[in-house]
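Me: I have a structure to go through with you. Can we take it piece by piece?

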Amino acid sequence: MWHYKEDILHIESTPVPKIAAEVGTPIYVYSLQEIERRVHAYQQAFPNALLAYACKANAHPRILAHLASLGCGADVVSLGELTRALDAGIPPEHIVVNGNAKTDEEIARALEVGVLAFNLDAVEEIPRVEAIARELGAIAPVALRINPGLDLHTHPHLRVGAVGSHFGIPPHDVLRAAEMVTASPHLRLRGIHLHIGSQLTQLEELQPTARLAARWVRTLREHGYKVQHINLGGGLGISYEGGPELTPTDLVAAWHPHLEGLNVHLIVEPGRWIVAHAGILVVRVVQVKRAWGRTFVAVNAGMNALLRPALYGARHRIVPVVRKPGEIYADVVGPNCESADVLGRDYLLPPVEPGDLLAILDVGAYGRSMANTYNLRPIPREIIIS
Ligand SMILES: Cc1ncc(COP(=O)(O)O)c(C=O)c1O
């Protein structure tokens with residue numbers, strides 16, 4: 001995906017300085033080939049599953065269109081994402097709707113276009129979806145998003161399947177939810193959904209999803225409810241250090257013993273694993289300050305363009321676009337008026353000067369999609385290398 005040729009960073013075969021010179025900085029650069037390689041890895045591991053790509057990771061129209069052409073569906077959480085996915089050519093019957101605060105407008109639109117399923121987030125959501133379906137004379141296909149209340153080791157902000165999280169239906173409400181759904185002529189119970197967290201890098205953390213889902217399928221069936229599909233969410237993590245990482249094949253191996261013989265259709269909603277490595281953010285050094293015994297390399301984009309370091313303490317690799325001899329230790333900081341606007345501390349870099357380019361790696365997921373206009377800075381442009 002990225003490599004150095006004669007000390008110049010390239011994305012696939014395109015030199016990054018050329019892109020920066022032609023388009024300016026800061027800029028997100030994505031490799032479509034890398035995304036395709038990762039989709040194929042998922043499809044090979046899960047040949048019979050629907051790959052409902054989590055649009056929240058990166059909803060660039062061309063990326064979504066390419067994923068549509070590869071046969072992917074989509075997981076959407078807003079009217080904006082639903083519209084993007086449909087415009088990109090993803091068929092509505094391959095789209096699942098998530099979200100803990102779906103608005104009436106979002107529910108109605110998703111019903112009108114005929115999505116595959118609403119992942120219900122609360123018993124309180126059931127009468128709302130039912131009322132809109134009744135008004136439209138429709139039957140809403142639904143799955144119960146179960147929050148199993150797990151203890152996970154990922155960042156607290158990414159731990160959505162834990163006790164106290166505001167996502168999903170807690171275990172004690174699941175049978176009541178199933179009863180409410182099946183009692184309504186305007187709702188149809190299709191399946192269950194579990195997404196326990198993101199950036200999970202240990203199989204022991206990912207494996208419970210399948211074990212718990214299988215247990216819930218059996219319990220629901222014992223109570224007479226039909227369950228056609230299980231949606232095991234996303235969450236497969238990547239290595240932000242460039243080290244070894246889990247693959248979809250590892251995931252299948254961990255899940256297989258639990259899913260065997262269950263006779264359900266499988267849906268998965270990966271986001272990060274598909275797109276994270278496929279993107280870099282190219283920034284330009286504005287100023288190099290020496291103070292307090294440290295070197296601060298201030299660049300022209302920070303938490304406005306890439307929120308993850310400030311939000312999660314995430315550490316991305318930062319590399320020079322043009323390699324040169326010499327070494328300094330530096331803190332790479334953004335231009336925004338917040339002390340949290342630090343892209344990372346203690347990076348080993350060449351002796352950079354104002355005007356030099358740096359590349360922040362593995363930002364294809366939750367990079368541009370979380371970008372904002374803080375301090376009235378424009379959202380970085382995006383370039384796709386195809
Ligand atoms: C319901 C749901 N599905 C899928 C995902 C995608 O997760 P990831 O990017 O970790 O694969 C998320 C991420 O927050 C999510 O909330």
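Me: Where does Glu12 sit?
Reply: Glu12 is in the loop between β2 and β3. Helices (H or I, at least four residues) and strands (E, at least two) are DSSP runs, numbered from the N terminus. This is a predicted model, where local features need pLDDT of at least 70, side-chain atom pairs count only at pLDDT 80 or more, and totals for chains, interfaces and linings use all residues. Residues are numbered from 1 along each chain as its sequence is written.

Me: What about the phi of Glu12?
Reply: Phi is near 50° for Glu12, a positive value in a residue other than glycine. Most residues other than glycine have a negative phi.

Me: What is the phi of Asp7?
Reply: Asp7 also isn't glycine, and its phi is positive, near 70°. Asp7 belongs to the loop between β1 and β2. Asp7 counts as exposed because it has 12 C-beta neighbours inside 10 Å.

Me: How are those strands arranged?
Reply: 3 strands make an open sheet, in the order β1-β2-β3, with antiparallel pairing. β1 (2–5) and β3 (14–15) are at the edges with a single partner strand each, so one side of each has no neighbour in the sheet. Two strands pair if DSSP finds at least two bridges between them.

Me: How many bridges join β1 to β2?
Reply: 4 bridges join β1 to β2 (residues 8–11). Tyr4 stands opposite Leu9 in β2.

Me: Which residues does the cis peptide bond join?
Reply: Thr25 and Pro26, with omega about -5°. Pro26 is in the loop between α1 (16–23) and β4 (27–31).

Me: New topic. How many residues of β9 are buried?
Reply: 6 of its 6 residues, 140–145, are buried. Ala140, Val142 and Leu144 point one way, while Pro141, Ala143 and Arg145 point the other way.

Me: Which strands pair with β9?
Reply: β8 (residues 117–120) pairs with β9 in the parallel sense over 3 bridges. Leu120 stands opposite Leu144. From β8 the chain crosses through helix α6 (residues 126–136) to β9, a right-handed β-α-β crossover. Right-handed means that, with the strands pointing away from the viewer, the path from the first strand over the helix to the second runs clockwise. β10 (residues 187–193) also runs parallel to β9, joined by 6 bridges. There, Gly191 is the bridge partner of Ala143.

Me: What are the domains?
Reply: Domain 1 is 2–29 + 276–385, and domain 2 is 32–275. These bounds come from an automatic or database domain assignment. The C-alpha centres of the two domains lie 32 Å apart.

Me: How many residues are in contact?
Reply: 20 residues of domain 1 are in contact with 19 residues of domain 2. Contact means C-beta atoms, placed from the backbone, within 7 Å. On the domain 1 side, β19 gives the most, with 3 residues.

Me: And the ligand: which residues come nearest?
Reply: Ala54, Ser198, Gly234, Gly271 and Arg272, of the 18 residues around the ligand. Near means a C-beta atom, placed from the backbone, within 6 Å.

How values were computed. Contact = placed C-beta atoms within 7 Å. Buried ≥ 20, exposed ≤ 12 C-beta atoms within 10 Å, placed from the backbone.
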